[in-house]
Amino acid sequence: MKLELRGITKRFGNFTANDHIDVIVESGQVHSLLGENGAGKSTLMNVLFGLYEATEGQILIDDKPVKFNGPGDAMAAGIGMVHQHFMLVPVFTVAENVALGNEDTGPGGILNLEKTRARIREISDRYGFGVDPDALVEDLPVGVQQRVEIIKALVRNAKVLILDEPTAVLTPQETDELLNIMRQLRDSGTAVVFISHKLREVKAISDVITVIRRGKVVGKADPGASAAELAALMVGRSVSLTLDKDAPTLGAETFKVTDLSVLADTGQLLLDSLSFSISQGEILAVAGVQGNGQTELTEAIMGLLDHVSGSISLDGKELIGRSVKQIINSGVGFVPEDRSTDGVIGTFTVAENLVLNQYDKAPFAHGMNMKPAVMLKNALKKITEFDVRTQGPDAAAGTLSGGNQQKVVMARELSRPLKLFIASQPTRGVDVGSIEFLHRRIVAERDSGTPVLIVSTELDEVVELADRIAVLYKGKLVGIVPGDTPRDVLGLMMAGASNEEAETQSGTEGKEPA
Amino acid sequence: MSNATATRTPGKATENIAVIRSWAAPVTYMVLGLVALVGFAIGSPNADARFRISDGSQKISVPDLVLGTTFVGWSGAVIMLGIAAYAFVLVRAGRKLARWMLPVFATVFVISFLVWVIGSATTPNVYLSGLIAGSFTLATPLIFGSLSGVLCERAGVVNIAIEGQLLAGAFCAAIVGSMTGSLVAGVLAAVIGSVLVSMVLAVFAIKYLVNQVIVGVVLNVLVAGLTSFLFSTVMIANPEKFNAPPSFEVIRIPFLADIPIFGPIFFNQTILGYGMYVAVFLVWFGLFKTRWGLRVRAVGEHPKAADTVGIKVNSLRFWNVVLAGVVAGIGGAFFTLVTSSSFNKEMTAGQGFIALAALIFGRWNPIGAFFAALLFGFSLNLSFVLTILGTPVPSQFMQMLPYAVTIFAVAGLVGKSKAPAADGEPYVKE
């Protein structure tokens with residue numbers, strides 16, 4: 001099957017998200033659409049999947065024009081899509097989710113899930129998914145949920161499978177597994193469309209690469225091209241992919257965590273007696289597979305959790321038991337992992353979001369009054385400084401792309417003198433050009449003498465930023481190792497092996513990509 | 001987003017379980033146990049409470065149940081305080097409370113209270129079968145109302161307008177029933193009236209994205225005003241013509257209706273009463289066993305996911321709200337064609353809201369809502385019966401009973417209930 005997009009244009013009001021895009025996708029190929037966040041990749045795929053109607057242009061299947069009025073039509077034509085935010089009902093079982101919209105029924109519309117279960121088992125066995133049809137989706141790890149999405153498409157006999165930023169939510173191991181699955185699908189004749197901004201993955205898997213910038217196709221690239229070339233094509237200028245940073249100048253150990261334990265409401269131990277400290281002018285990065293206590297660690301420091309025991313001290317002052325506001329006022333900057341729910345208030349303007357942590361203090365407030373003029377001036381300054389792409393300081397933060405929202409959060413948190421800076425997933429969903437910039441800002445904050453705590457599930461990022469690396473596994477601190485520890489050792493530690501075990505094992509097993 | 005919850009599941013973080021003590025349950029048990037000790041045991045009227053099971057009209061006769069208030073009061077208090085003490089011990093040891101504790105405690109409390117209150121009454125005897133059968137009758141419109149709520153909210157539309165639907169149904173059944181003299185026409189009119197209310201809700205909530213709670217509240221006020229106006233202008237002027245609807249006959253199933261207690265409940269009902277059991281089953285079966293139900297639940301939980309597999313979210317929601325109107329309309333007809341022989345101003349008296357509470361208490365499940373509504377029906381009926389029997393408790397307090405039970409129930413006494421994730425959120429395609 002050959003799928004062709006010819007001259008697709010999609011406008012939202014005055015804004016042109018896709019500008020005469022031509023793409024041809026053929027069976028047995030992995031076709032990557034490479035582009036920064038907001039370049040228009042997802043819009044294009046939503047047009048293809050029938051979620052949006054194209055303003056201009058045609059979709060052709062085997063050289064015949066087709067028209068999709070909704071996802072139902074697209075699926076009937078053999079197009080399947082794995083969305084960035086999974087389209088699964090959390091309280092349904094795998095089988096119910098897969099059957100939904102495509103149910104086998106007996107007389108009177110009575111559900112018959114047996115056939116669906118059998119199909120799931122068959123596909124699961126063929127590709128080694130290990131998915132149980134009767135498991136509840138909300139109980140499954142993210143990586144498995146993604147496989148359920150793939151099964152959903154395959155059950156509907158998808159000949160073209162679109163994966164929209166599929167690795168954004170995956171751990172390094174899960175990413176490798178996904179790439180393998182994509183290879184298998186390609187080999188069995190499926191056309192795979194891989195949407196991503198991650199150069200390493202695109203290079204590893206693609207047969208054809210189409211680069212999109214600002215809604216236009218800017219060129220095709222060869223998978224053999226160097227990462228720097230791809231990045232330059234994608235961003236439109238040359239970018240540095242490695243971070244230059246000096247050796248840290250360590251000051252006093254002002255931030256200390258001793259025997260920190262956190263319990264869930266159910267009594268589950270989420271963090272188990274963590275002890276570590278960070279010096280002024282040092283970056284400690286926490287590595288670990290998602291869900292091993294990283295979120296709880298940052299939230300416990302910020303005073304967001306109940307059932308916290310142990311001690312967290314900053315400049316000799318105890319933080320446990322203080323309110324979030326007191327903790328912020330004692331000089332802690334915090335970039336939460338989920339910017340859209342915890343980082344910005346979508347309906348507030350960019351200018352308001354930029355002062356959320358100091359709106360009640362001078363110079364932004366005077367007594368009971370807020371000072372909009374000062375806020376506006378501040379916003380204009382930060383928007384230029386952090387290169388936030390917005391229609392203006394009055395635009396609602398919710399209208400910004402994810403990467404730009406992240407810049408707003410970073411700009412806010414770094415805009416005052418800090419005693420401690422915590423950033424959780426500082427560059428998740430941010431484009432290459434901006435990652436470079438944000439990383440430099442984090443290092444600059446370190447160099448100004450602030451202890452910095454970074455939490456990231458991206459091993460690349462951890463290795464790049466860290467002076468020391470702490471590895472969390474099942475709520476326990478597996479160990480703290482120097483920043484230049486090899487990736488394979490870190491990978492083993494992230495699976496629970498102690499520092500020494502990891503080093504001996506990686507020595508005997510040889511290099512495995514982490 | 002749903003994704004955030006998925007990525008943050010602490011499930012696999014650790015298997016270690018530590019202890020978090022919550023004293024709420026043992027303290028509540030202790031307080032209620034002490035109330036029982038002081039009220040029902042020490043405050044026992046030292047009389048016999050007589051529960052009549054047969055009233056002589058049935059073929060099978062069962063002797064009356066006679067219980068001494070002092071004996072029941074003291075043994076009940078001892079059992080309840082024992083459970084409270086055991087709860088303290090368990091919480092102290094950091095263990096979970098046993099699952100039997102709440103139902104056993106509640107049952108013992110209710111029995112102790114009943115025996116005490118009947119024993120203290122001026123006429124210390126009550127017709128038990130009648131008490132229970134009456135509860136079912138009072139619960140029937142509540143159950144229809146709750147089912148209407150289930151149908152709406154499972155599809156993601158909040159239905160505060162149950163009260164209005166019931167009232168519109170009751171009014172239309174009365175006026176059309178009176179004018180035509182036909183029961184079928186009365187029920188049909190009730191359904192149409194209630195569906196009209198539903199359609200207004202559906203159009204505003206789904207098409208115009210108005211806040212669903214506000215639309216619901218406004219609809220309730222609108223229907224109350226409209227029916228009251230028509231009642232005082234049309235019905236009062238000519239009650240024989242406009243407010244004298246026929247009533248449904250009780251269909252007695254021979255022999256089975258003679259079974260003590262259960263007979264009157266299941267086999268001595270009007271066609272609408274039997275219809276209620278059928279409706280509960282059909283809604284449950286439809287929601288959980290059919291393609292329609294799977295789609296409805298998907299639309300209520302994650303409409304976008306449903307959309308991406310080709311389900312027409314808003315049209316499914318619209319028809320579900322309409323169907324909810326049909327069900328609530330039958331419930332409304334029950335007021336004027338079964339329980340009462342004429343329509344009266346605001347005769348639903350907040351029962352639509354109790355139906356809403358039953359829906360939440362019953363965790364958005366038709367069967368759960370059925371039992372919750374029964375509980376409310378029972379407390380409602382008890383308050384009537386006790387007022388007649390002449391109890392030491394002021395009748396105003398007795399009349400508060402169903403509402404007090406509602407508050408306890410909805411406040412999450414029996415664990416948190418979780419609404420469909422997209423309940424009340426309109427779905428807009430980008």
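Me: What volume does the largest cavity have?
Reply: About 100 Å³. A cavity here is a set of points on a 1 Å grid over the protein atoms alone where a 1.4 Å probe fits but cannot get out. Grid points are joined across faces, edges and corners, and the volume is the space filled by probe spheres set on the points.

Me: Before going on, what is the model, and how are residues and chains labelled?
Reply: This is a predicted model, where local features need pLDDT of at least 70 and side-chain atom pairs count only at pLDDT 80 or more, while totals for chains, interfaces and linings use all residues. Residues are numbered from 1 along each chain as its sequence is written, chains are lettered from A and ligands numbered from 1 in the order in which they are written, and side-chain values use heavy atoms, with hydrogens and water left out.

Me: Which residues line the largest cavity?
Reply: Lining residues have an atom within 4 Å of a point. From chain A the lining includes Phe49(A), Met75(A), Met81(A), His83(A), Glu149(A) and Arg156(A), and Thr308(B) and Val309(B) also line the largest cavity.

Me: Which element gives the most to that lining?
Reply: α5(A), with three residues. β6 (79-82) and α5 (142-155) of chain A each supply at least two. Helices (H or I, at least four residues) and strands (E, at least two) are DSSP runs, numbered from the N terminus.

Me: How do the lining residues divide by type?
Reply: Six nonpolar, three polar and three charged. Ala, Val, Leu, Ile, Met, Phe, Trp, Tyr, Cys and Pro count as nonpolar, Asp, Glu, Lys and Arg as charged, and the others, Gly among them, as polar.

Me: At what angle do α5(A) and α6(A) cross?
Reply: Roughly 15 degrees, with the axes coming within 11 Å. That makes α5(A) roughly parallel to α6(A). Axes are lines fitted to C-alpha atoms, for helices over the stretch in contact, and angles run from 0 to 180 degrees between N-to-C directions. Angles under 35 degrees count as roughly parallel, over 145 as roughly antiparallel, 65 to 115 as roughly perpendicular and the rest as oblique.

Me: Switching to chain B, how do α5 and α16 pack?
Reply: Helix α5 (residues 128-154) and helix α16 (residues 366-389) of chain B pack at about 140 degrees, with their axes 7 Å apart. That makes α5(B) oblique to α16(B). The contact residues are 19 nonpolar, six polar and no charged.

Me: How many aromatic pairs over all chains?
Reply: The count comes to 25, taking rings of Phe, Tyr and Trp (its six-membered ring) with centres within 6.5 Å; planes under 30 degrees apart count as stacked, over 60 as edge-to-face and the rest as tilted. One of them is edge-to-face, Phe231(B) with Phe343(B), at 6.0 Å centre to centre and 65 degrees between the planes. Phe231(B) is in helix α8 (residues 212-235) of chain B and Phe343(B) in the loop between α14 (313-339) and α15 (351-361), 112 residues apart.

Me: Where is the cis peptide bond?
Reply: Between Ala362(A) and Pro363(A), with omega about 5 degrees. Pro363(A) lies in the loop between α12 (350-353) and β17 (365-366) of chain A.

Note on methods
1 Å grid on protein atoms, 1.4 Å probe; cavity = no way out; pocket = protein on both sides within 12 Å on 5 of 7 lines; lining within 4 Å.
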